[in-house]
Amino acid sequence: MFDTKPLKAEKPREPLPRPPEIKARLDEHIVGQERAKKILSVAIYNHYKRIYLHEADAHLKIQKGNLLLIGPTGTGKTLFAETLARIVGVPLSISDATTLTQSGYVGEDVENVILRLLQAAEGNIAQCEQGIVYIDEIDKVGRKNESPSLTRDVSGEGVQQALLKIIEGSVVHVPPNGGRKHPHEKLIPIKTDRILFICGGAFEGIEQIVARRLQEKVIGFGGAKTPREIQQARILPEDLLKFGLIPEFVGRLPITTTLNPLQVSDLVRILTEPKHAIIRQYERLFELEGLKLRFSKAALVVLAEEAIALGTGARGLRAILEALLLDAMYELPADSGNTEYVIDEEEIRRLLCEGLHETGRKEAV
């Protein structure tokens, strides 16, 4: 089932893309977040340059640059990890920190994040050891306060402790079939020193921690910072410690980048501009029936406003569109009298008021 061939790093199948090339590829799939794209492009390039080009040099050790992504729900943290893995051609595993516990407790062992990566690599250990692990909701395993816990915390600080060696670089023994380890089961050793770890989280409330550090009120007079200025301020390790991450864990994630909250204009661009934009996908579904789907610009703005109102960011756009177009797509196979479906601002507002239970307006052209 698993390929136990040479564990040394394999050479990339093609030249490793340089940071500007990586960013250009990110631009095809992700709207905005320009600074985050630059930071991630450089981090990915340096990580795989370290593996493919530098590793033979025993005179100097270059440490891993694991990443921490901070941003509200729906700003593209998971999409960044998925896209970066595709760009460099390595396997990716995605896990949720809230499901993880220390070994021996009810829940999912932290080692399973590596098992998922091995499965994504189709059992090839060499490829697994060059992959990317994305752990979402990492903010949910912070301590409830800044004081060290006197009792074992299996879902918070304990998870951070359990992840330390895995993230830094060690040999993890994973069960071939997943689940809990058994005493007589042959385990598979995986070296994690070449695996890039990306952790993401919303870190709700960290703006207040940053504001206190800056000794500024979020809203006030004179030189006080606005909420947006506080959001855009650089988040320092000390802020993460006050939030609840332990010092050792923060030290394993030296590269931190913040994703800006999405505005209405960003969501409108997300609907139409990326290579696999959602609107393009629905247009293609209608084309397969010989029909044309068209949204007015004002309608797209209303869609974006609704997603922001729901607090779901870009993630909520698909669900809103699916509800809006449900009846239209249901009728498509039997309804051949129309050649174009037009959805305008007025119709979308009506549907939103009705709870998205009705179909978009159909206009024959």
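The model is predicted: local features need pLDDT of at least 70, side-chain atom pairs count only at pLDDT 80 or more, and totals for chains, interfaces and linings use all residues. Residues are numbered from 1 along each chain as its sequence is written, and side-chain values use heavy atoms, with hydrogens and water left out. Helices (H or I, at least four residues) and strands (E, at least two) are DSSP runs, numbered from the N terminus.

**Helix α3**

- Helix α3 spans residues 77–88, 12 residues in total.
- From first C-alpha to last, α3 reaches 17 Å, close to the 16 Å expected at 1.5 Å a residue; the expected span is 1.5 Å times one less than the number of residues.
- Nine of the 12 residues of α3 are buried, so the rest of the structure largely encloses it.
- Buried means under 20% relative accessible area, exposed over 50%, and partly exposed in between (1.4 Å probe, protein chains only).
- The buried residues are Lys77, Thr78, Phe80, Ala81, Thr83, Leu84, Ala85, Ile87 and Val88.

**α1 against α3**

- The axes of α1 (residues 19–29) and α3 come within 10 Å and cross at roughly 130 degrees.
- Axes are lines fitted to C-alpha atoms, for helices over the stretch in contact, and angles run from 0 to 180 degrees between N-to-C directions.
- That angle makes α1 oblique to α3.
- Under 35 degrees counts as roughly parallel, over 145 as roughly antiparallel, 65 to 115 as roughly perpendicular, and the rest as oblique.
- On the α1 side, the contact (heavy atoms within 4.5 Å) uses Ile22, Arg25, Leu26 and His29.
- On the α3 side are Leu79, Phe80, Thr83, Leu84, Arg86 and Ile87.
- This contact divides into six nonpolar, two polar and two charged residues.
- Ala, Val, Leu, Ile, Met, Phe, Trp, Tyr, Cys and Pro count as nonpolar, Asp, Glu, Lys and Arg as charged, and the others, Gly among them, as polar.

**α13 against α15**

- The axes of α13 (residues 297–310) and α15 (residues 345–353) come within 7 Å and cross at roughly 30 degrees.
- The two helices are therefore roughly parallel to each other.
- α13 brings Ala298, Ala299, Val302, Leu303, Glu305 and Glu306, and α15 brings Glu345, Ile348, Arg349 and Leu352.
- By class, the contact of α13 with α15 has six nonpolar, no polar and four charged residues.

**Leu187**

- Leu187 sits in the loop between β6 (171–174) and β7 (188–191).
- Leu187 counts as partly exposed, at 26% relative accessibility.
- Leu187 and Pro176 are 11 residues apart in sequence and 6.4 Å apart in space, C-alpha to C-alpha.
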